[in-house]
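Good morning, colleagues. I shall present one structure today and ask you to keep it in view while I speak.

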Amino acid sequence: MLRLLFTATLTLITPLAGAEEPDAERPAPLLDDGQLLVMRGTLPLVLSAPHGGGASPEGWVRRSGGVQVQDRNTLPLVEALAEALRRRTGRMPSVVASLVHRRYLDLNRDRWQSGARLGAEQEEL
């Protein structure tokens, strides 16, 4: 299944990668604080990478359960796909990505399982 998803993604990106670059500028992030990256796009599309980050914020408590491995290459994939779409269409999708390693916070879980209950900064994010 993973191989199929990877192949489908490459099939989508490859034609976009060599496209002419329109005059559209890459928008500045709404938020890029080292923990979360948020970019507002102009396409009706949101790309997310909730487990792609590798940051280990000082003072954060590690989660004790659940999956704790980083989803490798999801953040670079989201960034490359967003840039390829911008170059091809002149418009950007919105991007939301956690820059914090999944061992500290899992944004796809409820508060109890996510790690948010472990500290005020984790809960805030």
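Predicted model: local features only at pLDDT ≥ 70, side-chain atom pairs only at ≥ 80, totals over all residues.

Residues are numbered from 1 along each chain as its sequence is written, and side-chain values use heavy atoms, with hydrogens and water left out.

The largest nonpolar core contains 14 residues. By nonpolar core I mean a set of buried Ala, Val, Leu, Ile, Met, Phe, Trp, Tyr and Cys residues joined through side-chain atoms within 4.5 Å. Buried denotes under 20% relative accessible area, exposed over 50%, and partly exposed in between, with a 1.4 Å probe and protein chains only. L37 and V95 have the most contacts inside this core. At least two core residues come from each of strand 2 (36–39), strand 3 (46–49), helix 2 (74–89) and strand 4 (94–98). Helices (H or I, at least four residues) and strands (E, at least two) are DSSP runs, numbered from the N terminus. Which element gives the most to this core? Helix 2 does, with 5 residues.

M39 lies in strand 2 and is buried, at 5% relative accessibility. Beyond its neighbours within four places in sequence, its contacts (heavy atoms within 4.5 Å) include P29, M92 and V95.

Finally, N73 sits in the loop between strand 3 and helix 2. Its phi is near 70°, a positive value in a residue other than glycine. Most residues other than glycine have a negative phi. N73 is exposed, with a relative accessible area of 57%.
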